[in-house]
Amino acid sequence: MPDRVPEKPLWEQQAEASAQLPQGERLQKVLAAVGFGSRRTCEDLIAAGRVTVNGEVAILGRRVQPDDDLVEVDGAPIGVKPGLVYYLLNKPAGVITTSSDTHGRPTVLEIVPAEPRVFAIGRLDLETEGLLLITNDGELANRIAHPSHGVDKEYLAEVGGGNVSAGKIRQLREGVELDDGRTAPAKVSQPEPGVLRIVIHEGKNRQVRRMCDAIGHPVNRLVRTRIGPITDRSLQPGEWREWTTDERNAMVEAVASTIARRD
Ligand code: URA
């Protein structure tokens with residue numbers, strides 16, 4: 001009888017498997033990209049034995065194949081395909097949302113990492129500030145931006161002409177006539193004279209500015225403060241961060257509920 005070859009310890013098998021997959025992504029990078037915290041935090045999760053790949057406890061250094069491996073944290077699938085990224089940017093005024101500009105103006109895509117390639121969900125005007133979602137997840141982006149399923153977006157508009165009368169606020173709430181059609185009912189309040197908080201779910205071009213023009217109070221400054229469940233008052237203009245897992249789950253839920261409500 002030949003001697004039985006002793007089985008290699010699990011960590012050695014995994015290290016060998018990882019070495020054979022140099023093209024895979026590092027597990028901590030995949031976890032960080034979907035909102036489990038910084039890479040360091042994700043390394044701690046792995047070291048604590050809380051992460052499995054295809055049912056086996058992962059070790060530090062593990063690489064995974066984006067489309068094939070099942071990654072779980074505390075027994076729950078991480079819920080997103082590795083390789084997908086979700087950023088929240090506080091867009092400053094003067095930065096354009098399109099991916100390139102013939103006039104050489106700075107673009108939002110120059111602020112976030114260049115790889116993987118990403119795009120903005122919807123757009124903000126050159127002079128509009130505030131929250132913008134950026135991702136490479138085309139499916140979720142379509143659902144968020146779809147005009148009839150679009151999630152609520154909240155804006156703060158500083159308008160000219162001083163205090164806005166109750167009658168004009170009512171007009172905004174009920175819908176105003178624009179040259180491309182009437183706006184849907186909106187939520188509108190005036191937290192202080194000359195400042196309007198406007199919540200809409202449509203995405204007509206320059207919609208908030210044109211709504212305010214229509215009631216004779218042109219916008220001097222416009223800031224988007226919330227997109228569906230995502231808001232962040234501490235993110236400074238020009239700063240970005242990844243969505244948290246809770247935010248991503250809440251967004252998926254928000255999109256699902258708008259589809260259920262409006263279809
Ligand atoms: N409405 C506008 O008028 N501008 C924006 O950038 C977004 C909404």
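1. Helices (H or I, at least four residues) and strands (E, at least two) are DSSP runs, numbered from the N terminus. This is a predicted model, in which local features need pLDDT of at least 70 and side-chain atom pairs count only at pLDDT 80 or more, while totals for chains, interfaces and linings use all residues. Residues are numbered from 1 along each chain as its sequence is written, and side-chain values use heavy atoms, with hydrogens and water left out.

2. Asn 136 has a relative accessible area of 19% and is therefore buried (under 20% relative accessible area; exposed is over 50%, partly exposed in between; 1.4 Å probe, protein chains only). A polar atom of the Asn 136 side chain lies 2.8 Å from the backbone nitrogen of Val 85. Apart from neighbours within four places in sequence, the contacts of Asn 136 (heavy atoms within 4.5 Å) are Gly 83, Leu 84, Val 85, Pro 116, Arg 117, Val 118 and Phe 119.

3. Thr 107 belongs to the loop between β7 (86-91) and β8 (119-121). Its relative accessibility is 3%, so Thr 107 counts as buried. Residues up to four places away in sequence aside, Thr 107 touches Val 95, Ile 96, Thr 98, Ser 99, Ser 100 and Asp 101.

4. On the polar side, a side-chain atom of Asp 125 is 2.7 Å from a ligand nitrogen atom. A polar side-chain atom of Thr 128 lies 3.0 Å from an oxygen atom of the ligand, and a backbone N or O atom of Arg 206 lies 3.2 Å from a ligand oxygen atom. The protein covers 95% of the 240 Å² of accessible area that the ligand has on its own (Shrake-Rupley method, 1.4 Å probe).

5. As for the whole chain, there are seven helices and 16 strands. Of its 263 residues, 42% count as buried.

Note on methods. Polar contact = N/O pair within 3.5 Å; in protein donor to acceptor, adjacent residues only side chain to side chain.
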